[in-house]
There are 2 protein chains.
Amino acid sequence: MTRAVTLSEVAREAGVSPSTVSRILNGTARVNDDKARQVRQAIEKLGYTRNAFARSLATGSSGIVGVLTPDIASPFYNDALSGIERGLMGSGFSPLIISGHWRTGEEEHAVSLLLNRRVEGLIILGGQMPDHEIREVAARLPVGVLGREVDLKDWGGVALTMDNRQSARDLVTYLVGRGHRVIGHISGPQDHTDARDRLRGYREALEECGLRFQPSLVVQGDFQEPSGLIGMQRLLNRHADLTAIFAANDQMAYGARLALHRLGLRVPEDMSLIGFDDLPGSSYTTPPLSSVRQPMAEMGQWLARYVLGRLRGETPEPFAPRQELMLRESVASRRGTH
Amino acid sequence: MTRAVTLSEVAREAGVSPSTVSRILNGTARVNDDKARQVRQAIEKLGYTRNAFARSLATGSSGIVGVLTPDIASPFYNDALSGIERGLMGSGFSPLIISGHWRTGEEEHAVSLLLNRRVEGLIILGGQMPDHEIREVAARLPVGVLGREVDLKDWGGVALTMDNRQSARDLVTYLVGRGHRVIGHISGPQDHTDARDRLRGYREALEECGLRFQPSLVVQGDFQEPSGLIGMQRLLNRHADLTAIFAANDQMAYGARLALHRLGLRVPEDMSLIGFDDLPGSSYTTPPLSSVRQPMAEMGQWLARYVLGRLRGETPEPFAPRQELMLRESVASRRGTH
DNA sequence: CTGTTAGCGCGTTCAC
DNA sequence: GTGAACGCGCTAACAG
């Protein structure tokens, strides 16, 4: 790559001073129309592209908001990324997305890379990074976190989380209301807060409804499809009287669905099934899967706006993400109810 | 954000000159161990983070590879993003991802933003940007394109594309081989090259097999699920003797699947179904969907390596992406075959 | 309105 | 080994 054209070269070509070119580029001050035209021509002729580094160095601001995502290919977090993009649009800021692959070391590396690039704000999606490290960053710049509980109040940051426990409770209560009495749960990995909360919600809902919690009705998966398939088989072996399954996420529900299909069991006639997360595909499974939707895009957008607001010194308006039960066709009523 | 600590502040704190600190940071030259230790302490104490802008400005290299993706939330292209990440890993380069939302204007804006940030290479995934603009960029830096046909040879770039036509032919030939004689096609939007090629492959396969191509067996969709659902219904109304469907992508196949489900038609017993793209979910639909897999991650990784190689002045080894027929359980044999 | 001057934070000669 | 001086490309005061 041949050395790029500089602003002063443009200035020389147009017969004006560098500052004039700068002023035209930034609209910082009114300039003579004639000169403006000449400068534009020179820019065109030389194929000038402004150097963002030099600019940032001089102005002291990067125009970048860092985004740390656990996985660039996660359908779940990517909705949040879309929201962040939308929230940043037209603000003059652009996102710099780095993924941490759920590994603390990589996440820390990513954050320091972002700090090196002088991001002016940071949005963290999920991940494993220790709370105190997040707070350290939050002390320096506006930070918004999505999908994990971090106390950032004293540091001037926010964490948007969903009430996994409550939603799980709602889901299971719904199943009970439809007449189900023997409800299995395919849980997520128990070192994961969300997974624990969803299991807790399941248990609490059962007890609130006067049903006994039985450990044998729970199998643990890893949030991936295969574990849902295996879990379903195990559950079926243990409890022939099972009529409904609550999977801790949609992916495992898909796995369970396939296990049932292979056994010739119909959903929802023979077995009701319910998931969590409402992946884009879930409205087109057969039958469409009931699940709970987290407004990832809205949350992402709000976080972007939050960071921008803080950058402008505004006090942000609060936001309460609302999870939504997406009731579709994967649950049937059992006779003998009510 | 309080002004960040600079290198010279570290130098002063450690009682050495800025250049010494720089040398230690970069390992550019051997320095006294004692001083090195003092500098490290100063860095620690002051919480110094290096300014990537100043560094890039001084060195003249950004360490960034730009990535233009049509949609940050597309499951299809995101596999490629993962591959790019992997390909860049450990190279000292990091990706800067911007999405163009399938809009030419936004894409152009994104590219100029990347150019401003002095990316040293560029990877373009799909999109709508005119070929000549891509060539213009390719004349300045290493460019790799994925998923669209662009002639970049004379500009020193590559475009990785898949043979959609051939794969579609293989798929349809496979259906015919399994005894199907009346095969419907839900096509993609015909202003889209991939969609056209897949339709052509369908048609050619039919003719090669001695079956007549009938326009009434084709309905046009838009690559989204709902259009697959509607298309399926329309096809069924026109041709009661239909035994198999080739959908131009998996998403439409999902829609078709649901339409069949609602009508009480079984897959594959009553209707065989086949898609294209092999989305992550397709191995867990009921039944698992036959499709054709494009090695997006591998292609992304290769492109990253390609760009890095060009940056180092190497001549890249060629790469022929191979599509793979993923034959699963959504196709049945019809009696009377062979 | 416009040109001149002085940095922004860092890497890199070039002398010592 | 190490420091001083200069420049990377641009913006922002400061005069005019």
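1. In what order do the five strands of the open sheet in chain B lie, and is their pairing parallel or antiparallel? In this predicted model, the strands of the open sheet follow the order E2-E1-E3-E4-E5 (chain B), and their pairing is parallel. The edges are formed by strand E2 (94–99) and strand E5 (158–160) of chain B, each of which pairs on one side only. On average, and with direction ignored, neighbouring strands of this sheet are turned by 20 degrees against each other.

2. Within that sheet, strand E1 of chain B (residues 64–69) runs parallel to E2(B) and is joined to E2(B) by six bridges.

3. Strand E6 of chain B, which spans residues 183–187, is mostly covered, since five of its five residues are buried. B:Ile183, B:His185 and B:Ser187 point one way from E6(B), whereas B:Gly184 and B:Ile186 point the other way, and all are buried.

4. E6(B) is joined by four bridges to strand E8 of chain B (residues 244–247), the two running parallel, and E6(B) also pairs in the parallel sense with strand E7 of chain B (residues 218–220), over three bridges. B:His185 can be followed in both pairings: the bridge partner of B:His185 in E8(B) is B:Phe246, and in E7(B) the partner is B:Val218.

Terms used: Residues numbered from 1 in each chain as written. Chains lettered and ligands numbered in written order. Predicted model: local features only at pLDDT ≥ 70, side-chain atom pairs only at ≥ 80, totals over all residues. Heavy atoms only, no water. Pairing = 2+ DSSP bridges. Axes fitted to C-alpha atoms, helices over the stretch in contact; angles between N-to-C directions. Buried < 20%, exposed > 50% of the residue type's maximum accessible area, 1.4 Å probe, protein only.
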